[in-house]
Amino acid sequence: MILKDWELQMEADGFVRRRRMTADTSGGDAAVAGASAGAEIHWLGGRFWGVSKSLVGTLTPRIAGETELHVGHFYGSQEATDLSEPDYEGLPQGASTSTHMLAGAVAGIMEHCLMFPIDCVKTRMQSLQPEPAARYRNVMDALWRIMRTEGIWRPIRGLNVTAVGAGPAHALYFACYERLKKVLSDIIHPGANSHLANGAAGCVATLLHDAAMNPSEVVKQRMQMYNSPYRGVLDCIRCVWQQEGALAFYRSYTTQLTMNIPFQALHFMTYEYLQELLNPQRHYNPSSHMVSGALAGAIAAAATTPLDVCKTLLNTQESLTLSSISRSGRHITGLGHAFRTVYRLGGLPAYFKGVQARVIYQMPSTAISWSVYEFFKYVITKHQHEKRRIQRDGEK
């Protein structure tokens, strides 16, 4: 009986605080206060969960922009409470574009840096005409032989140019995705998640990501190849610029887009679908972000491997491949030419060279990217809202 009275008193206190907050602040400030309160109470868990759901449901407006106070959500049925449960993607709702960009940049840099050795192996295993010393049985065999014969630091050669490109590329990527996802979802399926909106937003975000990342990809993959003739990143950039022109840095851009647009559409749609299954409340949940990201990356990577093989060929312009298809050694210039070259030299199996390394690379890569991105987005946004709350309390 005492516990019951205490819970009722807690609910009454929350209701009074909610009414006072609604009277003292604007709709936007109420959203900020409600989201912050819900996030804080959520950590208490256990017996406080019911109180947290009620407070968050009544104080936080829905994605569609509803700011009215519904007492029925507080004392109503479980269904009404679930409808007003905040969506983590929009919690707190004041998450800014700069937050998405900062979180995205950190996620991109960490993803590429941590997975760079596997990316080096993937590039080599996709070679159509590898040197005898650069033919590997599997990923671990490749890593061991590269470090044993070429030096322990060889698998991370070119890491610096990748990190420089990954920061701005992923900042644009996540900021564009978050913005377009919300806009398109409100148009296609107001107030709810739309897989079509997720896929379309991912496709548009890819245009910006690849435009920023493609030059880094060209330099990185040329330095990853066996017996790479370049002394360093600057030497590689200078040689490519002088010998092949500035357009060489974007020779694979259309192929990159042709690969990444279906890749990212599958990636985002699968990720959001898995989040609906594993994390329907859309709270910050590291395990669900990692599992969803890993599975989404694996599915998308396996499906788009043929395009990745062609992209690698366009980026690296392998000397043995060029000499085997033409005595003049002319460059492979486009997607159609790359597809014909791959088929001519290896048939259908050649389109899936390195698929094992690609899947092994993408699973932890996307898991790291999503978990780091969601973590930094949560921490940065929570910090921003705490500052606003302190400033608001100081003004009172």
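**Figure 1. Methionine 363 in the predicted model.** Methionine 363 is partly exposed, because its relative accessible area is 30%, a value between the limits of 20% for buried and 50% for exposed residues. The model shown is predicted. Methionine 363 lies in helix H17, which covers residues 355–395. The side chain also belongs to a nonpolar patch on the surface, together with Tyr273, Leu277, Leu278, Val291 and Leu295.

**Figure 2. The nonpolar surface patch and the helices that supply it.** The patch formed by Tyr273, Leu277, Leu278, Val291, Leu295 and Met363 has about 520 Å² of accessible area together. At least two of its residues come from helix H12 (253–278), and at least two come from helix H13 (286–303). The most is given by H12, which contributes three residues.

**Figure 3. Helix H9 and its bend.** Helix H9 comprises 30 residues, 159–188. At 1.5 Å a residue, H9 should span 44 Å, and the 41 Å between its end C-alpha atoms agrees with this expectation. At alanine 166, H9 bends by about 30°. Proline 168 follows within four residues of that position.

**Figure 4. The chain as the setting for the close-up views.** The chain contains 17 helices and zero strands. Of its 396 residues, 51% are buried. The chain exposes about 18400 Å², of which carbon and sulfur atoms supply 63%. Where contacts in the chain join residues at least 6 apart in sequence, 77% of them are between residues at least 24 apart.

Technical notes: Residues are numbered from 1 along each chain as its sequence is written. This is a predicted model: local features need pLDDT of at least 70, side-chain atom pairs count only at pLDDT 80 or more; totals for chains, interfaces and linings use all residues. Side-chain values use heavy atoms; hydrogens and water are left out. The expected span of a helix is 1.5 Å times one less than its number of residues. The bend at a residue is the angle between axes fitted to the seven residues ending there and the seven starting there. Patches are made of residues with over 30% relative accessible area and no salt bridge: like charges are joined within 9 Å, nonpolar side chains (Val, Leu, Ile, Met, Phe, Trp, Tyr) within 5 Å. Accessible areas come from the Shrake-Rupley method with a 1.4 Å probe; for residues, only the protein chains shown count as cover. A salt bridge is a side-chain nitrogen of Lys or Arg within 4 Å of a carboxyl oxygen of Asp or Glu. Buried means under 20% relative accessible area, exposed over 50%, partly exposed in between (1.4 Å probe, protein chains only). Contact means heavy atoms within 4.5 Å.
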